[in-house]
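Reader: I have a structure to read and some questions about it. Can we go through them one by one?

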Amino acid sequence: MTKSSLLLVPALLLLTAGACRTKQSQSDTTQTTAQPAMVSAPAFNADSAYTYVDQQVKFGPRVPNTPAHVQTGNYLATKLKQFGCEVTEQSFVATTWDGKKLNARNIIGSINPQATKRIVLASHWDSRPHADADEDKADQSKPVTAANDGASGVGVLLELARTIQQSQQKPSVGIDIIFFDAEDWGNGEKATGDFEKESGNQFDYIGFCLGSRYWAKNLHKPGYSAYYGILLDMVGAKGATFAKEGLSMQFAPTVVNNVWQTASRAGYSQYFIDTPGGQITDDHVAPNTIAKIPMIDIIHTNIGTGGFFPAWHTAEDNMSNIDRGTLKAVGQTLLQVLYNEQQ
């Protein structure tokens, strides 16, 4: 697949499907709600989050059916247990759009598992098997290191779990950290027509988001429900900008506005931009449409073009792109959102 292209015309924003993210027009307007005083939240350590991103990258590309994938999965489960989470692993065989069988697993770490009010925080942890958006044809057949597109969100959530474990004051809500597998195996040109009947056949997944689809149809606990969810995707690059993603505004506008307003009050409005973004088919779609859990997507897009960060799906998606300032902005905002739920 080639990197998504963009065409701007009056009153219309069109973007071709790509990377589990199909962009369409978006016209939702900003909704402002009264905000209570913010509860004191612990400090998010960006250096620690950076280390967790780097450790994933050191295993190598986390492509399913490879030793690096197995080793990374074991590492993530071990870290979650180390941080006091109740860990559940969903092992499953995913069938790709081209008939391959992937040995996949979703990894869930639950904080305060007895709490009835729960919030999902998620990121995919696998790597794309081919750097097909790379300008160098010699690199297009190589797997993606995926420092930003995968590892960054996981690193933020590992550090969030560590921070909460070490903090004297804990959030009163339950938190389920979910690392979705097999997100990045699709093909926007060859895998069209990939619908889920449980989603009402509304969304073409084009071969992506296999782990989140599996989880939405096979929740890790019988009768599981959550108040809302937040998905992280590409949240580590320098100068990242997060628009209010279109499907998030369609499914959970109140959650979007709460997160963006919290970010602004915490001093991170240069990252969380108060502007509508395009619709992106990502790992939040199946939780919304199948599991009926309102989930939003914090994802890096270019505010001017709507495209993804420059090294997306290329061999250059490595640690040189990862910025501690961006990790801090996302991690601190999430912590503040969680601790504000105590009110």
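Reader: Is Arg-213 buried, partly exposed or exposed?

Author: First, a note on the source: this is a predicted model, where local features need pLDDT of at least 70, side-chain atom pairs count only at pLDDT 80 or more, and totals for chains, interfaces and linings use all residues. Residues are numbered from 1 along each chain as its sequence is written, and side-chain values use heavy atoms, with hydrogens and water left out. Buried means under 20% relative accessible area, exposed over 50%, and partly exposed in between (1.4 Å probe, protein chains only). Arg-213 has 4% relative accessibility, so the residue counts as buried.

Reader: Which residue forms a salt bridge with Arg-213?

Author: A salt bridge is a side-chain nitrogen of Lys or Arg within 4 Å of a carboxyl oxygen of Asp or Glu. For Arg-213, the closest N and O atoms of the pair are 2.7 Å apart. The partner is Asp-194.

Reader: Where do Arg-213 and Asp-194 lie?

Author: Helices (H or I, at least four residues) and strands (E, at least two) are DSSP runs, numbered from the N terminus. The pair links distant parts of the chain, 19 residues apart. Arg-213 is in helix 4, and Asp-194 is in the loop between strand 6 (174-180) and helix 4.

Reader: What is the relative accessible area of Glu-86?

Author: Glu-86 is partly exposed. For Glu-86 the value is 33%.

Reader: Is His-69 buried or exposed?

Author: His-69 lies in helix 2 (residues 67-82). Contact means heavy atoms within 4.5 Å. Not counting residues up to four places away in sequence, His-69 touches several residues, among them Trp-125 and Asp-181. With a relative accessible area of 2%, His-69 is buried.

Reader: What percentage of the residues of the protein chain count as buried?

Author: The protein chain has eight helices and 10 strands. It has 343 residues. The buried share is 61%.
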